[in-house]
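Please examine the sequence and the model displayed below before reading on.

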Amino acid sequence: MRAVQVQEYGGPEVLRTVETEVPEPGPGQVSVDVAYTGVNFADLKARGEGYRVPSLPFVPGLEVSGRVRALGEGVSGVEVGQEVAALTNGGAYADVVVADATTVFPLPSGVDLRTAATLPTVLPTAYALVHAVGRLQPGETVLVQGAAGGVGTAVGQLAKAARASGVFGVVSGAAKAKYALDHGYDDVFVAPSTNSTASTVSAGFVDEVRAATGGRGVDLALDPVGGETFRASLASLAVFGRLVSFGNASSAEPWRVGQPELYPTGLSVSGFSILTLAQTAPDALRALTEKAFAAVAEGVVSLPVTAEFPLEEASEAHRLMGGRTSTGKLLLRVA
């Protein structure tokens, strides 16, 4: 079968298509004939700096749609040939991937395989940020970094459906701002990158957030960037505000926050990682994912596929995402 391997860390050019053995599912696992694979920023960090890579060579990819190929011992709830979406620990840039049965989900009625590939990481993450971790209430306001990306696109729609009184986003360019405004955002602030090769944006959005909220700040801020952007998001909070960190795209030192920042206005900080939750609390992940998929089936939220590449052109997908001009969701077409 074909697989896209990382044999050494580096730029998109290190992604190489190779022929390799078809993986077989072990106990509690399912193998899937892949139709589409989702591309995520975590894949770029894996390729470039070894994020969550156990060893080399490594096949990236965290989410797929396709059909069940084989069942490992003890697996029930899905059948061979059934259309599914799956969250994986890696290996999804391939014709066949193996996933734990707890993270393999039958497709909701009316959801096709192309749409399904956009769901396993982004939708549960967005749903958790708005509801399970962020606990957004009707009438509250929310600030979202990366508002035009996959998670940001879904969060804007979910926050609006949750009756937020103000949904604000931060993006790196005017084209992204227009896109975000079409997907649930009331106002979008453009904070250009301070470095053309960086994956972060300038943290100079705090004054704009304060102005847009009459000086009050937002009730909930969602940050996948870290570093100075994390600090600026914290500074954008209202009294009793909440900040959820769900990534470190900047590769900055891990954030630290304590009494001096939190005590004066009663702020709180929490975190979320869908990949970690899959390992530590798979039942909670499954319940969360079912709710998120239901929101898609009911038309509450959709995630546009804005670019699609053949499996062999995975490097081009990485170049597009790494160039910070992409919006929505990028896919690899496998079968």
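The model is predicted, and local features require pLDDT of at least 70, side-chain atom pairs count only at pLDDT 80 or more, and totals for chains, interfaces and linings use all residues. Residues are numbered from 1 along each chain as its sequence is written, and side-chain values use heavy atoms, with hydrogens and water left out. Helices (H or I, at least four residues) and strands (E, at least two) are DSSP runs numbered from the N terminus.

We begin with the sheet. Six strands make up an open sheet with parallel pairing, in the order E10-E9-E8-E11-E12-E13; two strands pair if DSSP finds at least two bridges between them. From one strand to the next, the twist averages 20 degrees.

Within this sheet, strand E8 (residues 141–145) is joined to strand E9 (residues 166–171) by five bridges, and the two run parallel. In this pairing, Leu143 stands opposite Phe168 of E9. E9 is in turn linked to E10 by four bridges, again in a parallel arrangement, and Val170 faces Phe189 in E10. Helix H5 (residues 174–181) packs on the sheet and touches E9 and E10, its direction making about 165 degrees with that of E10. Contact here means heavy atoms within 4.5 Å. Such angles run from 0 to 180 degrees between N-to-C directions, and axes are lines fitted to C-alpha atoms, for helices over the stretch in contact.

How many residues of E8 are buried? The strand is mostly covered, with five of its five residues buried. A residue is buried under 20% relative accessible area, exposed over 50%, and partly exposed in between (1.4 Å probe, protein chains only). In a regular strand, side chains alternate between the two faces of the sheet. In E8, Thr141, Leu143 and Gln145 point one way, while Val142 and Val144 point the other way, and all are buried.

Attention now turns to the helices. Helix H3 (residues 122–132) packs against helix H4 (residues 150–161) at an angle of about 45 degrees, with the axes 9 Å apart. The two helices are therefore oblique to each other; by the convention used, angles under 35 degrees count as roughly parallel, over 145 as roughly antiparallel, 65 to 115 as roughly perpendicular and the rest as oblique. The crossing of H3 past H4 is right-handed, a term that applies if the near helix is turned clockwise from the far one by less than a right angle, anticlockwise being left-handed. On the H3 side, Val122, Leu123, Thr125, Ala126, Tyr127, Leu129 and Val130 meet Gly150, Val151, Ala154, Val155, Leu158 and Ala159 of H4. By class, this contact of H3 with H4 comprises 11 nonpolar, two polar and no charged residues. Here Ala, Val, Leu, Ile, Met, Phe, Trp, Tyr, Cys and Pro count as nonpolar, Asp, Glu, Lys and Arg as charged, and the others, Gly among them, as polar.

H3 also meets helix H10 (residues 282–297): their axes come within 9 Å and cross at roughly 100 degrees. H3 is therefore roughly perpendicular to H10. Leu123, Pro124, Tyr127, Ala128 and Ala132 of H3 meet Leu288, Thr289, Lys291, Ala292 and Val296 of H10. The contact of H3 with H10 divides into eight nonpolar residues, one polar and one charged.

In helix H7 (residues 227–235), Thr229, Phe230, Ala232, Ser233 and Leu234 are buried. The elements covering the buried residues of this helix include E8, helix H6 (206–212), strand E11 (218–223), strand E12 (237–245), helix H8 (259–262) and strand E13 (268–271). Leu234 counts as buried because its relative accessibility is 8%. Apart from neighbours within four places in sequence, Leu234 is in contact with Leu243, Val257, Glu261, Leu267 and Val269.

Finally, some backbone features lie in loops. The peptide bond from Leu56 to Pro57 is cis, with omega near -5 degrees, and Pro57 lies in the loop between helix H1 (41–49) and strand E4 (63–71). Arg135, in the loop between H3 and E8, has phi near 50 degrees, a positive value in a residue other than glycine. With 53% relative accessibility, Arg135 counts as exposed. Arg324 has phi near 60 degrees, likewise positive in a residue other than glycine, and is placed in the loop between helix H11 (314–322) and strand E15 (329–333). Arg324 counts as buried, at 18% relative accessibility.
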